[in-house]
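Student: Hi! Could we go through this one together?
Tutor: Happy to, let me put it up.
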Amino acid sequence: MAESFKRLHAIGAEFDTTSAIYHAAEKVRDAGYTNWDCHTPFPVHGMDKAMGMKKSWLSAFVFACGLTGFITGLLLVTVTSFGLYPTIVNGKPNDWTHGAGAMQFFFPVMYELTILFSAFGAVFGMIIRNGLPKFHHPLFNWSRFAKATDDKFFIIIESSDPMFSETKTKAFLDSLGGKHITPVFDHE
Amino acid sequence: MADIAHTSKGDECEVVLHCPPELKKIPLVNHDRSFAWITENVASICEEKTRRYWWIAFFPLALIALLVPTLLSYQVANGVGVWGENQPFGWAWDITNFVFWIGIGHAGTLISAILFLTRQKWRTSINRAAEAMTLFAVMCAALYPGFHVGRFWKAWYLFPIPNHMALWQNYRSPLLWDVFAVSTYFTVSVLFWYVGLIPDLATLRDRAKSKIKQWGYGLAALGWRGGNRHWQHYEMAYLILAGLSTPLVLSVHSIVSFDFATSVIPGWHTTIFPPYFVAGAIFGGFAMVLTLMLPARLFYPQLDDMITRNHVDKMAKIILLTGSIVGYAYLMELFVALVYSGNFYEYNAFYNRATGWYSWHYAMMMFCNVIAPQVFWSKRIRHNYICVFFICQLVNAGMWYERFVIIGTTLAQDFLPSSWGHYTPSWVEVFTFIGTFGMFISLFLLFMRFLPMITIFEVKAVKPEADPHHEPDHSHGEKSAHPKEAAVH
C-alpha cells in the first residue's frame, strides 16, 4: 500500500468552541508537548498563556528597523544638504560644524523614514518569522482543516515532538474532548 | 467588567448581575450570529455571481474614471496652461483637490489605527472598507501634485535619486516633506491593509470552489493556517502597525498644512493649521466612510447585523465632535485675525474671505461644516439613514469648500490690490475632478466585488463566544448568567 511511503506529519483534533480549545491547550501545555499549535479562525485572547508561549520578540526587531530608518533619514538629509549639494535657504547654516543648529527642518524626513522602515520591519518580520509564504503545507491535506478559517478550532501535535507517540497522543487528544482525531500525512 | 466577572467570587459578580438594562452593552453583532454565519455572509459577497446592480453602478463610473487618464494626457501634451490657474492663483483646484482627497483617507487610518489602540471594538466591521477607501483616496490625491509639476516626466526629481546634474533636494522645503509623508502614508496604509487581509484571504482560499480562485486567494494568503504561534506575531505586528500609523496619520495632514503654514502669505501663516487640518480630515473622512457604507448596506442587507445602527450612530457622533472642533478652529481663526493679531494684512485676508469675491464659498463652508452637522445632537437624526447620508454629502461638499477657501481666497487677494487676481476653473480641471470621483468609487466597487468588505476574523473575535471564558452551557453558575457582559468588555 502507498500508505507506507507517507510520513506522519501530525495528529489533529477538532474542537467546537473557544473555551474547549483553550482548556484543552492548557492540558497539552501541562503534559509537556512542545511542537504543537492551536489553529483558530481568529486570535483567541489569552491563548499565548494557555500554550505557555513567551511574548513575541517582533517589537525588538521593529525597533532595530526604526532605528535604521532614523539613521538613514539623518544621513540622507545631512550628507546631501551639508556635503554633496549644500543648499542655502533662509540663511540657515549648511555645513557640518554649524548645521546641527538648524536640524529642525530636517526632522520630518527622518520621522517619516523611521515610520516607513519600522512598518516594513513589522510586516516582513512577521511574515518571515511565521515561515510565510508557504504555499503548501501537510495540514492542507486534511479536508476538515479548511474549517480552521471558518468556525472550528484545531489542536495539531506534530510528530517531531519528542513526546509524540501515535497511539498515546491520539488517546490524549481524545481524552481532551477532541473530535475527528485524524493523523495528517506529508502527502496524500 | 468581564475581568471582574471572571476572576472574582460572589460579591463583585452581583454587581454585574444587577446591572440595569440601560447600562448593558449593545451587542456589536446583532441577532447573536454564529461564526459560520459571519464567514458565509461576508465571503459570499465576493463569491456569488456578479449582480446586475453592480454592473449598472460600475460601468458608468468606470467610464467617468476614464476621464482621468484622458485629461491628464491632454494636460501633459499641452502643458499646465490647460488648467485655469495662473499668477497669482498658482495653487487652485489641483492643490484643493489634493488636500480634499488626502483628508478623506485619514478617516480610514483613524478607524484602523487610533480606534484599535483605544480598544474601540465597533471598528472591526468598518475598518477594512475604510482602509480600502484610504488607499483609493490617496491614489486620487497623489495624481494632483504629480501632474501639477508640469513636466510630469521629470516628477522623479521629487525623490532623492542620484542624477547626472548632481542635484539634491532641498530638505528644508515642506513640499519635499509632503513627498516623504504622502509616499510613506500610502506604503504603510497598503501594508496595514494587506496584513489585515491575510487571514480573510485564507478564509476565501479555503472556501474557493474553482481552481483559479483557490490559486489566486491562496497566493495572496501566503499559506496562512491560523496557528496561534502565527497569531502571536501577527497580533504584535498589527499592534505595532497601529502604533506607527497613529503618529503617521497625524503627521501627514500636519505636513500638508505646513505647505501653507510655513509660507508668509496672510491667511496661511498660522500655527493653528496642523490640529485644524487633522480634525477636518477626520471629519471629512468619516462623512465619506458613511457615504460608501450606507449604500453598501442597502446592496447587501446581510451586513445590517454587522454594521448596525449603533455603528452609524457612533460615526455620526465622531462627525459631530470633529465638526465642532473645525467650527471652533474657524471662529478662533477669525478672532485671531480680526481682533487679536492687530495685523493689517491678516485682518484683510479674513475680511476678504468672508465678504470678498469668494464669500459664497465661505458661506457654504460655514453652513456645511459647522451648522449642518450640529443636527447630529439628535438621536432621531443619527438613526435616520437618509438624514445621515444627506448630512454626510453636505460635509463632503463643505470640506471641499474649506480647502478652496483656505487656498483660493488667500491667493486671490494677498498684499497689494494691484497683484490680486480672479480664478475660474477650466473645463479640463472640472472634468478631471469629476473623473477622480469615478475612479474612487469604481475602485471601491472592485474592492467590494473581489475582497471581503468586512474583516471576517476581527468581527468573530469581538463576539461574546470568542472569549475563552465564555460559558454558553450555564454550567458555571453566576458568570454564565450574563455571557454578554463577560465578553464585550
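Tutor: One convention before we start: helices here are DSSP runs of H or I with at least four residues, strands are runs of E with at least two, and both are numbered from the N terminus. Also, this is a predicted model.

Student: Ok, so how many helices and strands are in chain A?
Tutor: Chain A has five helices and four strands. Starting at the N terminus, the order is β-α-β-α-α-α-β-α-β.

Student: And what radius of gyration does chain A have?
Tutor: It comes to 26 Å, while a compact globule of 188 residues would be near 16 Å. The C-alpha trace of chain A spans about 80 × 35 × 30 Å along its principal axes.

Student: What share of chain A is buried?
Tutor: Buried residues are 40% of the 188 in the chain.

Student: Switching to the two chains: at what angle do helix 4 of chain A and helix 8 of chain B cross?
Tutor: Roughly 15 degrees, with the axes of helix 4 (residues 107-129) of chain A and helix 8 (residues 174-207) of chain B coming within 9 Å. Angles under 35 degrees count as roughly parallel, so helix 4 of chain A is roughly parallel to helix 8 of chain B.

Student: Left-handed or right-handed?
Tutor: The crossing of these two helices is left-handed.

Student: Which residues make the contact?
Tutor: Helix 4 of chain A contributes residues including Ile115(A), Leu116(A) and Ala119(A), and among those from helix 8 of chain B are Phe180(B), Thr184(B) and Leu191(B).

Student: How do they divide by type, nonpolar, polar and charged?
Tutor: The residues of this contact are 12 nonpolar, two polar and one charged.

Note on methods: Residues are numbered from 1 along each chain as its sequence is written. Chains are lettered from A and ligands numbered from 1 in the order in which they are written. This is a predicted model: local features need pLDDT of at least 70, side-chain atom pairs count only at pLDDT 80 or more; totals for chains, interfaces and linings use all residues. Axes are lines fitted to C-alpha atoms, for helices over the stretch in contact, and angles run from 0 to 180 degrees between N-to-C directions. Angles under 35 degrees count as roughly parallel, over 145 as roughly antiparallel, 65 to 115 as roughly perpendicular and the rest as oblique. A crossing is left-handed if the near helix is turned anticlockwise from the far one by less than a right angle, and right-handed if clockwise. Two residues are in contact if their C-beta atoms, placed from the backbone, lie within 7 Å. Ala, Val, Leu, Ile, Met, Phe, Trp, Tyr, Cys and Pro count as nonpolar, Asp, Glu, Lys and Arg as charged, and the others, Gly among them, as polar. The radius of gyration is taken over C-alpha atoms; the globule rule is 2.2 Å times the number of residues to the power 0.38. A residue is buried if 20 or more other C-beta atoms lie within 10 Å of its own, exposed if 12 or fewer, and partly exposed in between; C-beta atoms are placed from the backbone.
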